[in-house]
Amino acid sequence: MAAPLTDQEKRKQISVRGIVGLGDVAEIKRSFNRHLHFTLVKDRNVATPRDYYFALAHTVRDHLVGRWIRTQQYYYEKDPKLGLDMEELEEIEEDAGLGNGGLGRLAACFLDSMATLGLAAYGYGIRYEFGIFNQKISNGWQVEEADDWLRYGNPWEKARPEYMLPVHFYGRVEKTESGAKWVDTQVVLAMPYDTPVPGYHNNTVNTMRLWSAKAPNDFKLQNFNVGDYIEAVLDRNLAENISRVLYPNDNFFEGKELRLKQEYFVVAATLQDIIRRFKSSKFGSRDPVRTSFDTFPEKVAIQLNDTHPALAIPELMRILVDIEKLDWDKAWDITCRTCAYTNHTVLPEALERWPLFMFERLLPRHLLIIYNINQRHLDGIAAMFPGDTDRLRRMSLIEEGDPKRINMAHLCVVGSHAVNGVARIHSDIVKTTVFRDFHEVDPEKFQNKTNGITPRRWLLLCNPGLADIIAERIGEDFLTDLHQLKKIIQFVDDTAFISDVAKVKQENKLRFASFLQKQNQVTVNPESIFDVQVKRIHEYKRQLLNCLHAITLYNRIKLEPDRPFVPRTVMIGGKAAPGYHMAKLIIKLITSVGRVINNDPAVGDKLKVIYLENYRVSLAERVIPAADLSEQISTAGTEASGTGNMKFMLNGALTIGTMDGATVEMAEEAGEENLFLFGLRVTDVEELDRKGYNARQYYERLPELKQAVDQVQSGFFSPEQPELFRDLIAMLMNHDRFKVFADFEAYVRCQERVSELYQNPKEWTKTVIRNIAASGKFSSDRTISQYAREIWGVEPSDVKIPPPNEPPFESRS
């Protein structure tokens, strides 16, 4: 009998199956050798691991191209409605850090699901030369380094210069007999780069199109005399800076002109591309077939992923009115029926509000269009609520103040036919707080679409051991129908299955412990609770609550060193926005606490506090399968949804969390008794806000909290700088919007329940199985199916596009 495969061998087997599924084995080998030979001939005689990676990547891309072309051809022929939204060799691949936090990764999951569901969808974004920064921890502080992810090139993309498009900025608006005309503009070219997005086992390959900014050849040269030639050429960089770097702010609005340029750049290029495709209709054709826009909303759906692409609304109006010469009312009807808006945050500092003067300079025509949209909108509200000037002020797209600002969220709501939040509790909060007035006027416009994750990446690829033992019991169909996971509940008392689940988790923990030792020279106890909180560093996510608990555990060990203690490894990771002082101070506190605890011989391996440097997707794929406990401890009512919580649940970690975001629905699916829930609910938070939150009351009443806070304040964890955390303590004591102290006592008690259950491995694993079995709802396939049916007006397709070696549909008998 053959020895069972190791997880590493299983992963290799899955990879080989995937590649061979694209073509004949011999042809795969020939293609690989051809690419490798080309690299060696071009550069050197000895192949490096990077050469092997690029040869393999180019081989896979080559074998996707036929399916990619066939998929796009099929879309044109069938003319479906377009949905829009965005071991050694593996180590060589760069993370494409083109998004911020969970929102960017959510877009990637959605693209995977749209291809797997056979939806004619395109993801659009910016091809940032430098993505989200690389984080280094130096002396406990976050230091940002540029993410030069393209330094070796990107083998997965294909430049498409034939589809390069002009994008206009600045200039002025001229009134003519035929209407408004935007003139004297500065042109920047948008160069598309296409990346294939393959569906799962259906031969569909959709497209992610990313735009890169290029200066035209005559960029500003006419404005300089001969002596200024060098300066003129250097000035081209101003245009190309548009796609140079991603603004690394998550849940915080930064009103910089370059950011507004980026937002208009991606919108303007994308809408031109969509309209070209709509008009030409047939695959490979560039000649307009459709001249009427009457059917545009029946063929095109544009999903605005938060307010960043909100300019799609006035830009589509500009195209329809100024260029296509439609009357305003018809253009507005088309725009509203085409666009839909997803809100991803209720934090006021995250909502985009652009100054009018910036619009007037950069996008003067769009400012006039927004004025017109706002006037017609307010006329309608005034007719519904005569004399209610306060309501008009609240609902206006233009906010009074110095300076006056455009509320982009209001623009999205007014210009869309559907508005949704991303978890049920979040969607309810959206309706009752942020957009309350709009909901009162048009309640049917508001929906909920709870987020999801793709099980292909977040189970099959990152945790093949777990995927295999599930498939052995219930088959592989759960990979495209995650609800089938509920079938494993029948094995919750099966000794062999319990043992298999526990074994996979332990193997994942050992592997991650080895990774930490190799990468960070950190030794952790693989028998300890792997207690993990990985997400952006922000006050509302309350990494501080986790840190205070770690200090409390440390103090308990020091007080009673001989008392039995359930060992625990606390791992916290995430990036702070570079300009976010408090978030950076939180990182410094966590690393300082870790330095003291990890080097105290009285503690040993009972407790470790590890900061996971440079948290990113590739690191998430390692730590999530290894986690025992998932920390989802935001203040109730602040986390829109979360998707990390779903990834941990699917990979067999138990959740300690507040009733916030999608955790509420996770508790409903699995049963509250199978999660570790604690703390204030949304109504409790609202009540506390009404009567006034007094942090000092909790500080005085709870001795362990007081001790921990006093240690931080006195410099116990920063003896070389006793005043280092003064600002942080002042915030917690005097103006903590997120009420860390209010939940401290309940959190510590809940953590005691965690340790108690962990001491009973069988019951712990049975709870894990119940959670995995209940995670079917949280597939991005379900989310996208709901978007398709309830917002875009299309049905997912189970049609499998024929592979390139078979005749296309119309050639079949």
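**Notebook: Lys-739 and other look-ups**

I started with Lys-739, which counts as buried because its relative accessibility is 4%, under the 20% cut-off. The model I am reading is a predicted one. I placed Lys-739 in the loop between helix 29 (726-734) and helix 30 (740-758). I noted a positive phi of about 55 degrees for Lys-739, although it is not a glycine. Most residues other than glycine have a negative phi.

I then looked up Tyr-170, another non-glycine residue with a positive phi, here about 60 degrees. Tyr-170 sits in the loop between strand 6 (165-169) and strand 7 (172-176). With 16% relative accessibility, Tyr-170 counts as buried.

**Peptide bond at Pro-403**

I checked the bond from Asp-402 to Pro-403 and found it cis, with omega near 5 degrees. Most peptide bonds are trans. Pro-403 belongs to the loop between strand 14 (398-399) and strand 15 (405-407).

**Whole protein**

I stepped back to the overall figures. The protein has 32 helices and 23 strands. Of its 813 residues, 57% count as buried. I read the span of the C-alpha trace along the principal axes as about 90 × 75 × 60 Å. The radius of gyration is 28 Å, which agrees with the value near 28 Å that a compact globule of 813 residues would have.

**Helices 10 and 11**

Two packed helices are described by the angle between their axes and the distance between the axes. For helix 10 (residues 312-323) and helix 11 (residues 328-338), I noted axes that come within 9 Å and cross at roughly 140 degrees. Helix 10 is therefore oblique to helix 11. The crossing is right-handed. From helix 10, the contact uses Ile-313, Leu-316, Met-317, Leu-320 and Val-321. From helix 11, it uses Trp-328, Ala-331, Trp-332, Ile-334, Thr-335 and Thr-338.

Leaving out residues up to four places away in sequence, Glu-324 touches Lys-279, Phe-293 and Ile-319. I also noted Thr-291, which is 33 residues from Glu-324 in sequence, with the two C-alpha atoms 9.3 Å apart.

**Helices 21 and 22**

I repeated the look-up for helix 21 (residues 543-559) and helix 22 (residues 581-598), which pack at about 15 degrees with their axes 10 Å apart. That angle makes helix 21 roughly parallel to helix 22. Their crossing is left-handed. On the helix 21 side I listed Gln-543, Leu-544, Cys-547, Ala-550, Ile-551 and Tyr-554. These meet Ile-586, Leu-589, Ile-590, Val-593, Val-596 and Ile-597 of helix 22. The contact divides into eleven nonpolar, one polar and no charged residues.

An α-helix has 3.6 residues a turn, so residues three or four places apart point the same way.

**Helix 16**

Which residues of helix 16 (residues 424-434) are buried? I found Ile-425, His-426, Ser-427, Ile-429 and Val-430.

How values were computed
Residues numbered from 1 in each chain as written. Predicted model: local features only at pLDDT ≥ 70, side-chain atom pairs only at ≥ 80, totals over all residues. Heavy atoms only, no water. Axes fitted to C-alpha atoms, helices over the stretch in contact; angles between N-to-C directions. Helix = DSSP H or I, 4+ residues; strand = E, 2+ residues; numbered from the N terminus. Parallel < 35°, antiparallel > 145°, perpendicular 65-115°, else oblique. Left-handed = near helix turned anticlockwise from the far one by under 90°. Contact = heavy atoms within 4.5 Å. Nonpolar A, V, L, I, M, F, W, Y, C, P; charged D, E, K, R; others polar. Rg over C-alpha atoms; globule rule 2.2 N^0.38 Å. Buried < 20%, exposed > 50% of the residue type's maximum accessible area, 1.4 Å probe, protein only.
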